[in-house]
Amino acid sequence: MCEGIYLKHTYSVCPKCGQLIKADLINEDGKIIIEKNCSDHGSFRDIYWSDADMYEKFEKFARKGSGLLNPNVNYNTDCPFQCGLCISHQTTTILANIDVTNRCNMSCPVCFANARSSGRIYEPDQKQIYDMMTMLRSQKPVPCCSVQFSGGEPTVREDLPELVKMARNLGFVQIQVASNGLKFANSVSYGKKLVEAGMQTLYLQFDGTSAEPYMKMRGFNAYPLKLRAIENARKSGMRSITLVPTLSKDVNDHQVGDIIRFAAENRDVVRGVNFQPVSFTGRICQEERERKRITIPDLAKLVEEQTEGEIPADAWYPVPFVVPISRFLSKARHKNLPEMTVHPHCGAATYLFIDNGKIVPITDFVDVEGFMEMLDEAAEELDDNSRNLLTIGKVLSKVPGFIDSEREPKCVNVTKMLLNVLKEGESNVVQQFHRQSLFLGAMHFQDMYNFDIERIQQCGIHYATPDGKVIPFCTYNTLHRESVEEKFSRPYMPEKHEQRKQILNITDFS
């Protein structure tokens with residue numbers, strides 16, 4: 001082990017045998033390194049967080065949640081192998097993934113799900129999916145409000161519109177489909193069916209703005225396909241697309257600025273970009289790990305460089321930074337709301353506004369840290385119900401003081417938007433804020449090398465499985481996916497003619 005400044009102790013897993021082992025986080029030359037040793041397979045080290053200053057900034061906004069009041073597993077002596085959710089888990093389900101199939105109409109070299117390669121078909125039936133969703137909606141103290149149909153490629157299921165409608169009828173507020181876009185590129189009417197069924201967001205795989213990244217990541221030039229999918233989504237009446245670039249060094253890290261500018265130019269339908277630094281699971285070659293490893297601080301610096309400083313690295317904040325909004329609204333409205341109490345080093349985000357072609361981060365004209373601190377203090381005061389109206393009034397009167405009206409974009413009234421959120425707090429008001437802004441986010445999912453059990457226990461993105469369990473994203477994809485799919489799969493059958501036709505149609509966009 002190399003020398004460095006010891007930061008903390010945690011637990012990880014051995015990349016070779018998967019056993020739980022001790023690990024240390026160390027500040028080494030301004031980078032956070034995770035070091036661990038397996039008695040059978042030796043020592044391992046990897047970059048956990050590439051900038052120590054940004055690590056410390058994010059760490060100070062850590063928030064602990066209280067987890068579920070009705071966990072699936074009431075005891076857990078074998079975390080992370082005995083997933084539930086269990087009593088050790090501290091964050092409720094913010095977004096639930098339901099893999100509706102492991103079939104796919106593409107075969108991407110970087111697929112973390114290793115779709116189409118297992119020799120078996122994992123495809124829960126409608127009754128199983130209904131049961132998963134009702135279980136998610138029964139979570140306490142806060143029912144899961146957001147569901148994402150994923151895979152494989154969910155659009156290869158003919159009944160996907162029925163599943164979306166089922167989710168809407170069960171009361172999910174946010175319903176999204178994670179897709180490579182091929183079926184949307186082939187059909188406007190298909191998008192209309194999903195919109196009419198209740199789909200709010202297309203979570204679109206989008207790796208760059210030229211052919212090169214797609215040739216390396218997807219095996220063919222998928223860029224024309226993405227453009228066609230976005231245009232067809234626009235024609236179908238869809239008004240919410242999130243672009244999802246899988247980010248890898250020397251593949252598409254030189255295009256992060258172009259991707260953001262593309263999103264800004266198409267903001268009538270594109271509501272955000274959520275970068276996902278590549279995790280080394282599934283098909284990706286492990287020998288490329290050190291060369292291609294990229295972390296959230298790397299992304300923040302690339303964005304600053306490639307936008308010529310319009311989006312500085314300090315515009316980013318960790319996901320739990322917004323917890324004071326939820327806690328204030330929960331107490332003000334006497335209603336439990338979801339809290340983003342995920343680990344501070346799992347993800348990052350900021351909001352952008354477009355003013356006469358110029359990108360303006362919200363941090364340019366809003367004192368976001370002061371605003372959150374004020375809400376934190378107010379939430380504590382709201383414990384006394386007799387003073388609630390006075391406290392709420394005081395908060396509303398202070399909001400304009402956190403906004404620099406001279407630097408505020410002329411295209412939007414952020415003061416009014418924030419006041420509406422705090423006054424009403426309804427989902428349609430929050431959606432209005434999102435419609436006026438462009439979300440910029442990053443989520444760095446873990447693999448066996450940078451695995452940290454503390455991140456697992458605070459994860460807010462979960463998978464529902466047919467046996468009634470809810471499994472954190474990174475645990476599912478590193479430890480549990482294969483066993484779940486094997487347990488609930490059927491033997492592989494030759495693909496139908498229509499699915500072969502969809503694969504062949506890829507060439508139409510090249």
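Predicted model: local features only at pLDDT ≥ 70, side-chain atom pairs only at ≥ 80, totals over all residues.
**Confidence**

I began with the pLDDT. The protein chain averages 90. I noted that 90% of the residues score at least 70. I then looked up residues 496–510, where the pLDDT is below 50. Beyond near neighbours in sequence, that stretch has 24 contacts in the model.

**Aromatic pairs**

I searched the whole structure for aromatic pairs and found 16. I took Phe206 and Tyr223 as one of them.

Where do Phe206 and Tyr223 lie? Phe206 is in the loop between β9 (201–205) and α6 (211–217), and Tyr223 is in helix α7 (residues 223–235), so the pair ties together parts that are 17 residues apart in sequence.

I checked burial for both rings. Phe206 has 0% relative accessibility and counts as buried. Tyr223 is at 16%; it counts as buried because the cut-off is under 20% relative accessible area.

Next I went to Phe371 and Phe402. Their ring centres are 6.1 Å apart and their planes stand at 75°, so I logged this pair as edge-to-face. I placed Phe371 in helix α12 (residues 368–381). Phe402 sits in the loop between α13 (388–398) and α14 (414–424). The two are 31 residues apart, and the pair links distant parts of the chain.

Are Phe371 and Phe402 buried or exposed? Phe371 is buried, at a relative accessible area of 6%. Phe402 is buried too, at 17%.

I came back to Phe206 and Tyr223 to follow their ring pairs. Ring pairs link Phe206, Tyr214, Tyr223 and Phe262 into a cluster.

**Charges over rings**

I looked at Lys57 and Tyr317. The charged end of Lys57 sits over the Tyr317 ring, 4.0 Å from the ring centre. I also looked at Arg137 and Phe172. Arg137 lies over the face of Phe172, and the distance to the ring centre is 5.5 Å.

**Cavity**

How many cavities of 30 Å³ or more does a search of the whole structure find? I got one. The largest cavity holds about 70 Å³ of space.

I then listed the lining of the largest cavity. Asn76, Cys79, Pro80, Gln82, Cys83, Gly84, Leu85, Cys86 and His89 contribute to it. Ile456, Gln457 and Pro472 also line this cavity.

Note on methods
Residues numbered from 1 in each chain as written. Heavy atoms only, no water. Phe/Tyr/Trp six-rings, centres within 6.5 Å; stacked < 30°, edge-to-face > 60°. Helix = DSSP H or I, 4+ residues; strand = E, 2+ residues; numbered from the N terminus. Buried < 20%, exposed > 50% of the residue type's maximum accessible area, 1.4 Å probe, protein only. Lys NZ or Arg CZ within 6 Å of the ring centre and 35° of its normal. pLDDT = per-residue confidence, 0-100. Contact = heavy atoms within 4.5 Å. 1 Å grid on protein atoms, 1.4 Å probe; cavity = no way out; pocket = protein on both sides within 12 Å on 5 of 7 lines; lining within 4 Å. Points joined across faces, edges and corners; volume = space filled by probe spheres on them.
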